[in-house]
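User: I would like to go through some labels in this model. For each one, tell me what value stands behind it.

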Amino acid sequence: MQSKILIIAEKPDMGRNIAAAIEPKAVNKRTHLEGERYIITWAIGHLLGLAEPDHYDDKYKRWNFEHLPIIPDDFKLIPNAKTKDQLKVIGELAKQCGELVNACDAGREGQHIFSLIQRHLRLKQPVKRLWISDLTPETIRQGFASLRDGSDFENLTKAARARSEADWLIGMNGSRAFTTKHNVLLSVGRVQTPVLALIYDRTKEIESFDSLKYFEVEGHFAQQETAYRGMWQGDRFTDPKKAEALAALVKGKQGSIDSYEVKDTKEYPYKLYDLTLLQRDANAKFGFSAKKTLDVAQALYEKHKVISYPRTNSNYVTEQNIPEMHKSLDMLKGSSYDALVQNANRALVHKNNKNLCNPVKVEDHHAILPTRKRASNLSADEQKIYDLVVRRFLAQFYPAAEYKMHTVMTKVEGELFKTTVKELLQLGWKVIYADQKKEKPKSGKGKEEDGEDEEETNTPFSVDASLPVTCTDALVKEKDTQPPKHYTEGTLLKAMESAGKQIENDELREAMKDAGLGTPATRAATIERLKNVGYVQMQGKQIRITPKGRTAIELIRGAGVELLTSPEMTGAWERRLNEIAGGKAEDHVFMNNVIRFTRVIIDKVRSQPRAARQAFEPGEAESAGGRKGAKAAAAAGRARSGTGAKAGSAVKDGAKAAAGEAAPAARLPDCPRTRCGGQLIEGKRGFGCSKYKEGCSFVIWKSSLGKTITPAMVASLVAKGRTNKLKFSGGDGAAFTAKIALKNTETGELALEREE
């Protein structure tokens with residue numbers, strides 16, 4: 001008699017779904033289902049984990065710095081006490097079967113769960129892999145008809161193991177080192193620490209930001225029946241009197257159209273959701289945490305079976321998904337989306353649509369799609385997430401939105417005003433969101449307050465460049481430069497995905513996906529961990545760092561292990577894990593590098609002075625921007641060192657560096673304004689005077705004369721009156737060389753000095 005095949009699913013619901021599809025008459029035996037050919041059982045998440053240090057040696061029960069680093073020759077596995085009975089069931093069932101099917105989630109963590117069970121129970125049977133993206137009966141049956149050999153996923157198993165063991169080495173050693181050194185429980189992690197560093201650095205940016213007041217002039221124009229607005233083109237005014245004078249100069253005067261351009265543009269549908277984009281939109285629209293969105297999406301996938309596998313990092317589908325998308329569209333007929341389905345153009349969803357179908361950009365799983373199963377009995381939160389997925393899906397069946405972009409340059413009294421009008425021609429896919437205009441998903445191309453208003457209109461717009469224009473009014477608008485915003489979970493997820501790099505361009509965002517902090521499946525858990533260990537807290541939607549979180553980053557950087565806080569470096573590690581999964585890198589090389597870095601952490605922390613306990617506590621430290629903690633750490637170091645002024649000075653400098661303060665070499669020059677006595681400080685959009693509140697209006701704008709002004713250029717402008725030679729591009733495209741000169745030391749006005 002032929003022995004049966006044991007199927008190991010990741011969770012009970014998944015096991016029951018599989019049984020219903022391929023063994024509908026299977027008998028339910030509580031811990032498993034048994035049919036004629038298959039026995040279906042399941043893990044319950046992670047049944048096994050890496051052993052704590054005290055399983056290697058009793059001495060590790062006490063946290064002692066002198067026992068570090070802890071680097072096992074071979075990592076031990078320990079069953080989860082709560083689920084060890086299910087692990088035993090799997091072992092007993094495996095003895096009855098001659099073949100195994102790994103039916104855990106089709107991703108790195110699902111592969112890891114199965115491989116730990118296989119390793120711990122020493123299962124020697126041949127393995128097949130079920131690799132599917134949704135749990136509808138049709139997909140499950142298709143998956144079993146095309147099972148892959150388990151050896152095809154050997155590299156993915158290596159990557160999963162390397163990720164787990166690297167996290168153990170950094171987490172166990174880093175946490176014990178900083179905790180025992182500073183006598184406060186400090187959690188350190190390969191991913192969580194650089195994410196905390198992102199939040200810390202953003203907080204420091206906000207705290208050091210000095211708002212600069214400026215003034216813009218908005219002209220109102222009329223030509224026959226057409227009225228429009230335009231913004232004055234020139235360096236921003238810091239003196240309101242000059243802005244008022246300009247407004248008075250042009251108001252009521254006749255002008256002309258200096259130039260008028262009209263360009264047809266199209267906006268194509270937003271890409272399909274990957275998990276991170278879904279979490280970002282749900283956070284922005286509903287205030288959902290990343291974890292909540294993942295949990296709801298997982299329920300839609302596992303319990304309701306109405307969406308495909310949600311833990312994906314792809315926004316694209318393959319050719320094989322196109323027919324399924326058409327069937328899912330048919331499923332939506334007669335639903336609340338019926339009107340949108342009736343107007344959908346099926347011909348737009350085809351294999352040559354590269355904005356949608358791009359097999360090269362689908363690794364493990366395609367983008368999140370609704371399945372062919374009709375949704376019913378969804379909770380309110382489930383309905384919200386399902387609605388996001390369905391609308392993003394339906395948008396692919398609609399044409400691009402079409403616009404005419406009108407750019408008008410109006411000249412009055414020699415002064416230029418720019419107008420940009422976006423005239424809607426065809427709503428296209430945006431009809432999907434027509435009932436949600438105030439809350440429609442963002443394109444990801446946030447517009448800065450750059451003084452240039454873009455006006456959208458549904459009515460025809462045009463001007464005649466040959467006819468005169470009247471400036472009917474001119475308004476002076478007072479504005480302030482704005483600091484960066486605190487992270488929300490949505491914006492933090494975006495930063496994690498791109499390893500902290502500010503990336504708006506979709507193509508670059510795609511390229512950075514393999515180098516993010518964590519994976520789509522783990523990012524929510526990382527954010528939750530930062531909350532749980534007391535490093536961050538929520539204020540509304542904003543993530544705010546706590547004194548403990550501040551001091552943790554300052555101590556880690558102060559110890560000289562900045563690499564541990566580096567989003568880019570940790571992102572590069574994640575890329576290497578993906579390369580291991582793809583067979584392009586060796587796991588043992590990666591692990592050797594992690595071990596080497598672990599030893600560096602211990603060596604660096606060993607020589608670090610202990611921080612004062614109050615550095616971790618709320619109170620003054622919170623309102624003082626965390627400086628109290630850094631100063632207390634420095635004071636404690638000086639008190640213990642007893643080595644005189646030089647040692648104390650070195651510790652103080654180290655504390656400043658840890659607190660993110662600028663080194664002396666980076667100090668900007670004094671304000672050049674006559675008898676001012678202030679110092680130039682860097683804001684988000686310019687370099688202004690520290691005495692701006694006392695009336696000093698000196699400012700050098702970062703974006704000037706077609707160049708980005710740097711601190712080094714500011715230093716040169718103040719000291720020498722001009723920069724070094726720079727290359728520029730003329731209006732005709734011809735290049736020329738020039739220096740930027742400080743034309744007016746009272747205002748900061750700049751001018752070009754062209755080479756003859």
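**Labels and the values behind them**

Analyst: This is a predicted model. Start with two helices. Helix α2 (residues 84-94) and helix α3 (residues 108-121) have axes that come within 11 Å and cross at roughly 70°.

User: Why is α2 called roughly perpendicular to α3?

Analyst: The crossing angle is roughly 70°. Angles of 65 to 115 degrees count as roughly perpendicular. Therefore α2 is roughly perpendicular to α3.

User: What is the handedness of the crossing of α2 and α3?

Analyst: The crossing of α2 and α3 is right-handed. On the α2 side, L87, I90 and G91 make the contact. On the α3 side, I117, H120 and L121 make it.

User: How many nonpolar, polar and charged residues does the contact of α2 with α3 have?

Analyst: Four are nonpolar, two are polar and none is charged. Gly counts as polar under this scheme.

User: What makes Q223 buried?

Analyst: Its relative accessible area is 4%. Buried means under 20%. So Q223 is buried. The residue is found in strand β10 (residues 213-223).

User: How do you know that the side chain of Q223 and the backbone nitrogen of D464 make a polar contact?

Analyst: The backbone nitrogen of D464 lies 2.7 Å from a polar atom of the Q223 side chain. The cut-off for a polar contact is 3.5 Å. The distance of 2.7 Å is within that cut-off.

User: Which residues is Q223 in contact with, leaving aside neighbours within four places in sequence?

Analyst: Q223 is in contact with I257, V463, D464, L467, P468 and V469.

User: Why is D105 called buried?

Analyst: D105 has a relative accessible area of 3%. The limit for buried is under 20%. So the label buried holds for D105. Its place is in the loop between β7 (97-103) and α3.

User: How far apart are D105 and A9, in sequence and in space?

Analyst: In sequence, D105 and A9 are 96 residues apart. In space, they are 7.7 Å apart, C-alpha to C-alpha. Not counting residues up to four places away in sequence, D105 touches E10, M14, G110, Q111, R129, Q298, Y301, Y309 and R311.

User: Where is I681 found, and what does I681 touch?

Analyst: I681 is found in strand β19 (residues 680-682). Leaving out residues up to four places away in sequence, I681 touches D210, L668, G686, F687, G688, C689 and S690. I681 and P669 are twelve residues apart in sequence and 8.6 Å apart in space, C-alpha to C-alpha.

How values were computed:
Residues are numbered from 1 along each chain as its sequence is written. This is a predicted model: local features need pLDDT of at least 70, side-chain atom pairs count only at pLDDT 80 or more; totals for chains, interfaces and linings use all residues. Side-chain values use heavy atoms; hydrogens and water are left out. Axes are lines fitted to C-alpha atoms, for helices over the stretch in contact, and angles run from 0 to 180 degrees between N-to-C directions. Helices (H or I, at least four residues) and strands (E, at least two) are DSSP runs, numbered from the N terminus. Angles under 35 degrees count as roughly parallel, over 145 as roughly antiparallel, 65 to 115 as roughly perpendicular and the rest as oblique. A crossing is left-handed if the near helix is turned anticlockwise from the far one by less than a right angle, and right-handed if clockwise. Contact means heavy atoms within 4.5 Å. Buried means under 20% relative accessible area, exposed over 50%, partly exposed in between (1.4 Å probe, protein chains only). A polar contact is a pair of N or O atoms within 3.5 Å; within protein, one must be able to donate a hydrogen and the other to accept it, and residues adjacent in sequence count only if both atoms are side-chain atoms.
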